[in-house]
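Dear colleague,

Please find below the structure I promised to pass on to you. My notes on it follow directly after.

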Amino acid sequence: MAAAALSLNNSTSTNSPTLNSHKPISKFTSLTKPTNVSFNFLTNTPPRLQHFRPRPSVSESSLSVPKEADAEIEADDVEDDPTQELSYLDEETDPESITEWELDFCSRPILDIRGKKIWELVVCDGSLSLQYTKYFPNNVINSITLKEAIVAICDDLGVPIPEKIRFFRSQMQTIITKACKELDIKPIPSKRCLSLLLWLEERYETVYTRHPGFQKGSKPLLALDNPFPMELPDNLFGDKWAFVQLPFSAWMNGLEVCSIETDTARGSLILSVGISTRYIYANYKKNPVTTSEAEAWEAAKKACGGLHFLAIQEELDSEDCVGFWLLLDLPPPPV
């Protein structure tokens, strides 16, 4: 698999060699600021990132079936009921190894019998070995409810209190942060909740739209922020840039860097970090050639389902990276 990529070079060399012996079909050096930008594209088109489907499984307690009943309930039958809650831990996974969660606590486009929107807690880990969902009425949404729910998950599934919890909604930061701190959990506001975001997209199609209380056309109560980009802090400046594509085997995870995008209107690169922070990462001289190359890079990124990465190197032709971020530019979830 290949991916669209951005490479930052800290050297002052004016040469622009490519990475891993890949020959670019075009390149360009900026004449603006102290930052040089070059767009390098390969002739091969990367495949689209395949979407995944979480393993359907629910806890015995969520089925409302008497213990005396001997009939076995298949997972597929349970999955057909969109009102069911989910409590699942992969039996092959060591519970002690699940130390980081991804969490969403928000309303859904579903009305309860009072005509009020139902809220839902959705929790998973990065591998979906842990999956948990629970519905709540809108009049109990606070940090105490969330704290009790986190403890209940640990008790029900036999997993330890997590060390970190990532969440992507800035509007829920106060509630989530308070609940986490009372349990000595580190809250991490970040859009790098990749498994959770993909799972929410999946649940919208397979669960929410099939729920008897579903409200078609209902807008998300807590929309994601997309603030205007700020100037980049001095410590993040580089001297040379290149857009390339590298094999999947060269990738690794990094920090809370979320995505890179091009702003062809302003001739700049935008870096998204954390939950709602965007920086002007670099500027380039805007002309028809650079605009075309930036658009081609965005198209290559889209063709991989948003998969791309940022690499920081001492020299542009070096195979070693001093910083590396595997990124996935996902659209906002439909809920």
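**Strand β13 and its neighbours**

M230 stands opposite Y279 in β13. Please bear in mind throughout that this is a predicted model. The pairing belongs to strand β9 (residues 230-231), which is joined to β13 by two bridges and runs parallel to it. Strand β12 (residues 268-273) also pairs with β13, here in the antiparallel sense and over six bridges; within this pairing, I270 has I280 as its bridge partner. Three residues separate β12 from β13 in a hairpin, and G274 in the turn has a positive phi of about 60°. Strand β13 itself (residues 277-283) is mostly covered, with five of its seven residues buried.

**Helix α2**

At the N-terminal end, N142 caps the helix through a side-chain oxygen that lies 3.1 Å from the backbone nitrogen of I144. Just after α2, G158 takes a positive phi of about 70°.

The buried residues of α2 include L146, I150, I153 and L157. The elements against which the buried residues of α2 pack include β4 (100-111), β5 (117-124) and α3 (173-182).

**Cysteines**

With a limit of 2.5 Å between cysteine sulfur atoms, the count of disulfides is zero. C180 counts as buried because its relative accessibility is 1%, and C304 is likewise buried, with a relative accessible area of 0%.

With kind regards

Definitions and conventions
Residues are numbered from 1 along each chain as its sequence is written. This is a predicted model: local features need pLDDT of at least 70, side-chain atom pairs count only at pLDDT 80 or more; totals for chains, interfaces and linings use all residues. Side-chain values use heavy atoms; hydrogens and water are left out. Buried means under 20% relative accessible area, exposed over 50%, partly exposed in between (1.4 Å probe, protein chains only). Helices (H or I, at least four residues) and strands (E, at least two) are DSSP runs, numbered from the N terminus. Two strands pair if DSSP finds at least two bridges between them. Contact means heavy atoms within 4.5 Å. A polar contact is a pair of N or O atoms within 3.5 Å; within protein, one must be able to donate a hydrogen and the other to accept it, and residues adjacent in sequence count only if both atoms are side-chain atoms.
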